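Please look over the chain shown here before reading on.

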Amino acid sequence: MRILRLVLVATQLACFAPEQPPLTGRSETFELGAKNIDDVFQIFVRLPPEYDADPAREFPLVVQLDANLPVLEEFKVAAGFASRHEAEGALPPCIVVGVGYRTAELATKHRFRDYGLPLEPNVRELWSSVLDGQGARFYDFLRDELLAEVGRRYRIAPASHRALSGHSLGGFFVLYALTRHDEAPVFGSYLAASPSIWWNDAQVLKLWRDFAGPVRPASLFTAAGELE
């Protein structure tokens, strides 16, 4: 778990960096339909150079949200820094999977639908152009469909060596996902970079007031820029 936390911190904090180190290993993309959302997601995968050397080896997994959000391109940055730090020997080889959308326009629009929760009445009046949040359905998609498909295609480690990583509104979703950790853990680590705690009338704080903390082992890392 400690090693995976290092992977998380290195890859997610990299999303604040202006550069995108080159990816090593093998990169693939595929589309995956979500039955309970009625949409198709673009899935980005980076496999480390060591992946093909040992057919029996399983690798830690980092699931990165906002994979192809315009400007940030969080999958490319996270996978690039994972590549760099692995080459330097600072991090163990890991698989990075980015969850994105078919177009840049959808990436900007549908993140409100997927990372948020049902809008509070006062927020709905102010954000009438924003899709009502379906974060519970998106979590179910990650748990029941994405991880099942990734596990079918690639050799991923057990849940304790898997991580969910998100930034801004994606960080809001990560905090929500942790409140569901005890149902049946699918991640062992959670990283919320600059989470939008204020979003939807600070709804996530209300959830956390009723959440005593995970009973099953889990790690949470969260960070924010000093001007925030």
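The points below go from the whole chain down to single residues.

This is a predicted model, in which local features need pLDDT of at least 70, side-chain atom pairs count only at pLDDT 80 or more, and totals for chains, interfaces and linings use all residues. Residues are numbered from 1 along each chain as its sequence is written, and side-chain values use heavy atoms, with hydrogens and water left out.

**Overall make-up**

- The chain has 7 helices and 7 strands. Both are DSSP runs numbered from the N terminus: helices are H or I with at least four residues, strands are E with at least two.
- From the N terminus, the order of elements is α-β-β-β-α-β-α-α-α-β-α-β-α-β.
- Of the 228 residues in the chain, 51% are buried. Buried means under 20% relative accessible area, exposed means over 50%, and partly exposed lies in between (1.4 Å probe, protein chains only).
- Take the contacts between residues at least 6 apart in sequence: 75% of them join residues at least 24 apart. A contact means heavy atoms within 4.5 Å.

**Parallel strands and crossovers**

- Strand β3 (residues 61-64) pairs with β5 (residues 162-167) in the parallel sense, over 4 bridges. Two strands pair if DSSP finds at least two bridges between them.
- Within this pair, R162 of β5 stands opposite L61.
- β5 also runs parallel to β6, with 5 bridges joining them. H167 has A193 as its bridge partner in β6.
- β5, α6 and β6 form a right-handed β-α-β unit. Right-handed means that, with the strands pointing away from the viewer, the path from the first strand over the helix to the second runs clockwise.
- β6 (residues 189-193) is in turn joined to β7 (residues 219-223) by 5 bridges, and these two strands run parallel.
- The chain passes from β6 to β7 through helix α7 (residues 199-209), and this β-α-β crossover is right-handed.

**Strand β5 under cover**

- In β5, 6 of 6 residues are buried.
- In a regular strand the side chains alternate between the two faces of the sheet.
- R162, L164 and G166 point one way from β5, while A163, S165 and H167 point the other way; all are buried.

**Nonpolar cores**

- The largest nonpolar core has 47 residues, and I95, F138, F141, L164 and F173 have the most contacts inside it. Such a core is a set of buried Ala, Val, Leu, Ile, Met, Phe, Trp, Tyr and Cys residues joined through side-chain atoms within 4.5 Å.
- Helix α6 (residues 169-178) gives the most to this core, with 8 residues.
- A separate core has 7 residues, including F44, A67, A79 and A82.
- Beyond its neighbours within four places in sequence, F138 is in contact with I37, F41, L65, V99, D114, Y115 and F173.

**S83, a covered serine**

- S83 sits in helix α2 (residues 74-87). S83 counts as buried because its relative accessible area is 1%.
- The side chains of S83 and R46 are joined by a polar contact of 3.3 Å. A polar contact is a pair of N or O atoms within 3.5 Å; within protein, one must be able to donate a hydrogen and the other to accept it, and residues adjacent in sequence count only if both atoms are side-chain atoms.
- Setting aside its neighbours within four places in sequence, S83 is in contact with P22, L23, T24 and R46.

**Loop residues to check**

- Most residues other than glycine have a negative phi.
- D38 has a positive phi, near 60°, and is not a glycine. D38 lies in the loop between β1 (26-34) and β2 (39-47). At 71% relative accessibility, D38 is exposed.
- S194 also is not a glycine, and has a positive phi of about 45°. S194 lies in the loop between β6 and α7. S194 is buried, with a relative accessible area of 7%.
- V71 is placed in the loop between β3 and α2. V71 is exposed, at a relative accessible area of 78%.
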